[in-house]
Amino acid sequence: MTVDPAVLEELGRLRSKVPELSGSVLATADGLVVAHDSHGMEPDTLAALAAAHLALARRFAHAVNHGELRESVVECDGGYITSYAAGPNALLTVVTSGDANLAMVHLEARRCVRRLIRIMALEAAPQMRPEIPTQAGPSTPLARRTPMATLPNVGRRRQAAG
């Protein structure tokens, strides 16, 4: 899979703005890696775990009627793992050290997510997709089948008896 250079540029920009950043992964909501800037971490594992965590957090938000989930923070002894919804089908997960300024991480990661959403929307634009060739339909309409439930009862009794 080819990664859009603009996506990698955004992840690099996030790393330059947040020096405590250990790694970042942009993934689908299914847990597949779209792009990553993670050194010393397994991006596939991080993406899969983040997607599962995001799905659970979304259910949690709906259970308490707080609307759509925007982000989730996990605080550990050694730092933070934050996941941000990047539209309905993607998420950005950021791993930072314990001395990170969490407010600054949120500020920069949210900006990054907004830019990533715009980039992904441009990638999905219909004019960029190849056209599907049209095929000629059948010259005559397809035969219409009548469901058994619409047949008169007399016909069904004859079939059962014969």
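Which residues in helix 1 meet which residues in helix 3? I started my notebook with that one.

**Ground rules.** I'm looking at a predicted model, where local features need pLDDT of at least 70, side-chain atom pairs count only at pLDDT 80 or more, and totals for chains, interfaces and linings use all residues. Residues are numbered from 1 along each chain as its sequence is written, and side-chain values use heavy atoms, with hydrogens and water left out.

**Overview.** I found 4 helices and 5 strands in the protein chain. Helices (H or I, at least four residues) and strands (E, at least two) are DSSP runs, numbered from the N terminus. Along the sequence I read the pattern α-β-β-α-β-β-β-α-α. Of the 162 residues, 31% are buried (under 20% relative accessible area; exposed is over 50%, partly exposed in between, with a 1.4 Å probe and protein chains only).

**Helix 1 against helix 3.** Back to my opening question. On the helix 1 side I listed Ala6, Val7, Glu10, Leu11, Arg13, Leu14 and Lys17, and these meet Glu108, Ala109, Cys112, Arg115, Leu116, Ile119 and Glu123 in helix 3. Contact here means heavy atoms within 4.5 Å. The two helix axes come within 10 Å and cross at roughly 175°. That makes helix 1 roughly antiparallel to helix 3 (angles over 145 degrees count as roughly antiparallel, under 35 as roughly parallel, 65 to 115 as roughly perpendicular and the rest as oblique).

**Helix 3 by itself.** Helix 3 covers residues 102–123, and its 22 residues reach 31 Å from first C-alpha to last, close to the 32 Å expected at 1.5 Å a residue. I also checked its N-terminal end: Asn101 caps it, with a side-chain oxygen 3.1 Å from the backbone nitrogen of Ala103. Its buried residues include Val105, His106, Val113 and Met120. Among the elements covering them I noted helix 1 (5–17), strand 4 (79–85) and strand 5 (90–97).

**Strand 4 and its neighbours.** For Val73, I found the bridge partner Thr82 in strand 4. A hairpin of 2 residues joins strand 3 to strand 4. Strand 4 also runs antiparallel to strand 5, with 7 bridges joining them, and Ala85 has Leu91 in strand 5 as its bridge partner. The hairpin of strand 4 and strand 5 has 4 residues between the strands, and there Gly87 takes a positive phi near 85°.

Key:
The expected span of a helix is 1.5 Å times one less than its number of residues. A polar contact is a pair of N or O atoms within 3.5 Å; within protein, one must be able to donate a hydrogen and the other to accept it, and residues adjacent in sequence count only if both atoms are side-chain atoms. Two strands pair if DSSP finds at least two bridges between them. Axes are lines fitted to C-alpha atoms, for helices over the stretch in contact, and angles run from 0 to 180 degrees between N-to-C directions.
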